[in-house]
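User: I would like to go through this model term by term. For each label, give me the value and the rule behind it.

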Amino acid sequence: MNINKSFVSLAKLQLPPSSRLLSSACCPDKDLVVTISSLNGKDHVTLWKMQGSKKWEVDVHSDSVCNETVVGLAWSPDGQAIALVHHPPRITVHSVQDGCEEHSPHLIHEISESSRLTGVWWFKDEKQAEADTIPDIFKRGTDISGSAHSIIKHLPLLDSVLDNSRALTATQLFSFQNGSTRSKKSDLPEAIATWPILPPDPLSASIMPANVTGEQDASHLEDLNKSDDSKMSSVLVVSDNTGHIHCFLDDSTTASLRKHPQNPVFFAHQHSQMGGTTLHPTRVELPLLSTRIPRDLARISTTARELVWYAMRVLDDMHVAWFGSGAQLGAREPGIRWLNALDDLQAQMGASITDSTTSLLDLTLLLLVGRSSEAVSDYIGSGEQMSERGLQKWESTVGEALVKLRDFSELRISPACQRLHLLLEEILGWSQLPRMYGVCELKKDDITQAMTMTSRAIFSASWLSATARRELSRFREFMKWLRFEISNASPVADPQSSNHQRHDVLEVNEYLTTGLVKSEIDTWFRDGVPKFWPQDLGTPHDNQNLSAAIERARSALRDPSQTAWAHPVGYRDLSHLDKNLHALIRDLASQCQNIFYCAASAAGRAARCKPPVMSHQVGSGPCDSKVHVSYTIRERNVEHRFQCLGSIFAAYDALAEDGADLCVLRLVYDPMIPGPKTTVEAAMLQCSGDGVENNVRYDILDFDFFDDDSLVIVFRANGAEGVAPGTTSIATVGFSDLHYHELHPLVTVNELSREQLIKHAQEEWKAEQIATVLMPIRRSYVLAGCVSGDVSLALNGRMGRRVACVLDIEGEMDDELWGKEGEET
């Protein structure tokens, strides 16, 4: 035994008394630890460096739920994200860099708020190295040539748009403290928030990321486009107390869960109705995960969501530019204010004003014949808004807004919808291959309807661009006319100077009647959802193929009379058609979300659950069905090329009447075969002796497995003579080299729960069939705090990062670092 050997105290932190430390709080591959504290009834998650400095703190509660708490935590395989499970049931994934919420995986199987999420795991996909493969010289990656992603990959990147869901607060903008509380992600539209996706990847949708500018070199974009193999195809699994497990790709009650390292097979231990946890696991096979179908579908869903969310945010910017917001002046307001000021002047001069008709009539008279009323002459000659500064502000506001509408609809909305149409075309083809994609339940009619809505959005965006371009031209002519009339009405104007007319009278008249008060552009943000068809816009009703079109052209060339004007072409009135692009994109988002939401549970529909098959009886005698519920049990699984699996259980009963001892059980069986032959061995460790003083009893406060060789215990002397009461220590205990005794079977060992098996081992010990050994403590360290109450323990036993964190009820946390004999830590 080596006291205080190889231990280094990294830091001692004083946290709020309400702080909690989960067993999975330590990052596996980084010197980081997560704590949870409750401030004003709201859970805050804090990321600490092991040396004691705070990296960030984030408020993770939901505004729509009261008394929400964090009940579980899991680290992503690449260590770049943290998954939190909450009660009432909710899942959030946060970035390790700043704590911001990246996304919130939606539970496909709805559960009530009274249900609880009981566990969370994040499994890495172990890939086998492929030998003698042809190098990917074209850098296709996982894209299939000719697929939608392979086409989108080579398209120009769409300009980035500000993500308002991650708006900065004043605290973030002006605070210089590294540990300031950061705002959480704001609420998203329902369709976007519940859309099943992988971690967002704008580059896969050919969208420039918001944090990359055009001046940055292409190498940085290539770095962003590189996928992290350790996180790719990883599976985030969450269990609840209703007997369900919820699986997310790249993100009976299940008590514990583990995964086959190479195959999509999970082993779940369930709570039995009699109490306790099943000894043998239920096999949950997800055969669809062994194919590329789930990932291809998830990538298309993620890309489609990025494009739709991009279009929605662009339209929001366009809406604000045109109609304005609380803090920004819209392009519609200056013209209305200008005309209202003229109406007020008309009323002051005795004119009967009920609306703007009189003012518009006077302006039209001035435009056409050069005669103006007294009010118009005074307004143009001396109005405050007729100054050059006022005109420039009006011209810049309206001009910039119309240019934004023209460019955004043509260069952002329309290309985004075209890319979305490519993705929908691909899954439309999948829907017609039921043998391969039938489990995805892709409905052809739903996809066709989404494609029709996408086509309408493309038409509507192009239409809006043309309308904004025409209105911009008319507005510029209107401003030329205003300057022309102001110059004529100026009393200091030189009569010999020539003031030539440079405006188009017809264009100015069109703007006075259709643009100054009411604009056609308003209909793209108001009225009903578009229902028009291409034929309503003037396209031929018959869908001719290429050969028919060529034959029609040849016929016209043979007969020149067919190219002559047979009748004048009239103007088609399309004002009765609904053109609300804003509402159309929202409905398109709901339609696409429904398609992918149904398809996202394909792997679950194809799942196969195989409960354990019990072997024949190998003994006789009754088995007590009552389960002792005061056991604290920890589990560790050790695989041996997965030919057999060793499960190590450590159980501690703090309420034992005859003294609490640590029971260690070792089970060896093959879970891949039905009715596995199980070998059960046990060892009883007495909580006294080594590590404190001989014959001094102590209580174990918390414990967990450290690696395949040892476990860590936190114990406190119970006030025996010669030992200071309240002295709390942390120690490592070896279990791999213990002398285990094989248990005698009782009825059927395979049918016993864990708790019944532990009780059976204790009865064997009482019958002196199992000898008690003193706790084989290898190293121990006396903690400065933790003098009273319970403690929480979090471990990281990974080679090179062997760290333990202990948190007591007073909020004091100790970080301890140590290594094995001869190991550099």
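User: Which residues do ring pairs link into a cluster?

Analyst: Trp338, Tyr379, Trp394, Phe475, Phe478, Trp481 and Tyr511. Rings of Phe, Tyr and Trp (its six-membered ring) pair if their centres lie within 6.5 Å. By this rule the count comes to 14 aromatic pairs. Some ground rules: this is a predicted model, so local features need pLDDT of at least 70 and side-chain atom pairs count only at pLDDT 80 or more, while totals for chains, interfaces and linings use all residues. Residues are numbered from 1 along each chain as its sequence is written, and side-chain values use heavy atoms, with hydrogens and water left out.

User: Why is the pair of Phe478 and Trp481 called tilted?

Analyst: Planes under 30 degrees apart count as stacked, over 60 as edge-to-face and the rest as tilted. Phe478 and Trp481 have 40° between their planes, with 6.0 Å centre to centre. The pair is therefore within the distance limit and takes the tilted label.

User: Are Phe478 and Trp481 buried or exposed?

Analyst: Both are buried. Buried means under 20% relative accessible area, exposed over 50%, and partly exposed in between (1.4 Å probe, protein chains only). Met453, also found in helix α11, shows the rule with a number: its relative accessible area is 9%, so Met453 is buried. Met453 and Pro530 are 77 residues apart in sequence, yet 8.6 Å apart in space, C-alpha to C-alpha.

User: What makes the pair of Phe705 and Phe735 edge-to-face?

Analyst: The angle does. Their planes stand at 85° and their ring centres are 5.1 Å apart, so the pair is edge-to-face. Phe705 lies in strand β22 (residues 698-705), and Phe735 in the loop between β24 (728-734) and β25 (741-742), so the pair ties together parts 30 residues apart in sequence. Phe705 and Phe735 are both buried.

User: How do you know that the charged end of Lys579 sits over the ring of Trp524?

Analyst: The rule asks for NZ of Lys or CZ of Arg within 6 Å of the ring centre and within 35 degrees of the ring normal. Lys579 is 5.3 Å from the centre of the Trp524 ring. Arg634 lies over the face of Phe703, at 5.4 Å from the ring centre.

User: Why is α5 called largely enclosed?

Analyst: Because 27 of its 31 residues are buried, α5 is largely enclosed by the rest of the structure. Over the protein chain, buried residues make up 47% of the 825 residues.

User: What makes β6 and β9 edges of their sheet?

Analyst: The open sheet has four strands in the order β6-β7-β8-β9, with antiparallel pairing. β6 (69-75) and β9 (101-103) each have a single partner strand, so one side of each is left without a neighbour in the sheet. Two strands pair if DSSP finds at least two bridges between them. Val93 has His103 as its bridge partner in β9.

User: Why is β8 called mostly covered?

Analyst: Six of its six residues are buried. Arg90, Thr92 and His94 point one way, Ile91, Val93 and Ser95 the other way. In a regular strand the side chains alternate between the two faces of the sheet.

Technical notes
Helices (H or I, at least four residues) and strands (E, at least two) are DSSP runs, numbered from the N terminus.
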